[in-house]
Amino acid sequence: MAGVGETEEPEEFRQALAGWRAAVLRPEIVLEEMARPRGLAPYSAAFAAEVALGEDEDELAGGRIVLLHDPAGHEAWEGTFRVVTMTRAELEPELAMDPLLPEVGWTWLTESLYAVGATYRVPSGTVSRSTSQGFGGLSGQIARTEIEVRASWTPADDELLPHLLAWTELLCTCAGLPPVTAGEGVVAIPRRPSRPGS
């Protein structure tokens, strides 16, 4: 399938996409290809993923990852590829009150990249936390607290598969699962409690 405004995808983009499609991931990860975003780059691909321990289990974490490619290079990226991700997970309320949570969330990302050998440059992103409390007809609903990590970076070499693997490892870390390949300083968060009736 051709990219936006193009008739044929460059070989390096086709190879990268083929590698992502064939990736062997942790069994807790369900990865699906999405419609390609338009207008962000001449070529793009997008995937959504979720972390669950079984078919009947609640989703522990989820998000999406986008691979952008501009053969001519992009000044802001300082390269021809850019990885853009969004990761979200429900947390225990006590953990969300930790003033260091944003720094910890960003460390989970960088440690995931380091653990799989994904080299990168020009990283940017945000780490947010939010708490929702039900009122009125929803007053019996348990308060929910979520972390959301939005990030982008430029791969520093032609090895693009490790960047997908790093992101899926970040998903598992946010879900409270122990890392398969633990880097120094990686701390798994507590599993969120089950909801009533689950």
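Me: Where does Ala89 lie?
Reply: Ala89 sits in strand β4. Strands are DSSP runs of E with at least two residues, helices are runs of H or I with at least four, and both are numbered from the N terminus. The model is predicted, so local features need pLDDT of at least 70 and side-chain atom pairs count only at pLDDT 80 or more, while totals for chains, interfaces and linings use all residues. Residues are numbered from 1 along each chain as its sequence is written, and side-chain values use heavy atoms, without hydrogens and water.

Me: Why is Ala89 called buried?
Reply: Its relative accessible area is 2%. Buried means under 20%, exposed means over 50%, and partly exposed lies in between (1.4 Å probe, protein chains only). Ala89 therefore counts as buried.

Me: Which residues is Ala89 in contact with, leaving aside its neighbours within four places in sequence?
Reply: They are Leu60, Ala61, Thr145, Glu146, Ile147, Cys174 and Ala175. Contact means heavy atoms within 4.5 Å. Ala89 and Cys174 are 85 residues apart in sequence, yet their C-alpha atoms are 5.9 Å apart.

Me: How do you know what span helix α4 should have, and what do its end C-alpha atoms show?
Reply: The expected span is 1.5 Å times one less than the number of residues. For the 14 residues of α4 (161–174) that gives 20 Å. The end C-alpha atoms are 20 Å apart, so the two agree.

Me: What makes a set of residues a nonpolar core?
Reply: Its members are buried Ala, Val, Leu, Ile, Met, Phe, Trp, Tyr and Cys residues, joined through side-chain atoms within 4.5 Å. The largest such core here has 39 residues, and Val51 and Ile147 have the most contacts inside it. Elements giving two or more residues to this core include α1 (11–21), β2 (43–51) and α3 (101–115). The largest share, seven residues, comes from α4. Another core lies apart from it, with five residues, including Ala41 and Trp77.

Me: Which residues is Val51 in contact with, leaving aside its neighbours within four places in sequence?
Reply: Among them are Ile29, Leu60, Leu171, Cys172 and Leu177.

Me: Why is α3 called oblique to α4?
Reply: Their axes come within 8 Å and cross at roughly 135°. Axes are lines fitted to C-alpha atoms, for helices over the stretch in contact, with angles from 0 to 180 degrees between N-to-C directions. Under 35 degrees is roughly parallel, over 145 roughly antiparallel, 65 to 115 roughly perpendicular, and the rest oblique. So α3 is oblique to α4. Trp108, Leu109, Ser112 and Leu113 in α3 meet α4 residues including His163 and Leu170.

Me: Where is Glu78 found?
Reply: Glu78 is in the loop between β3 and β4. Its phi is also positive, near 60°.
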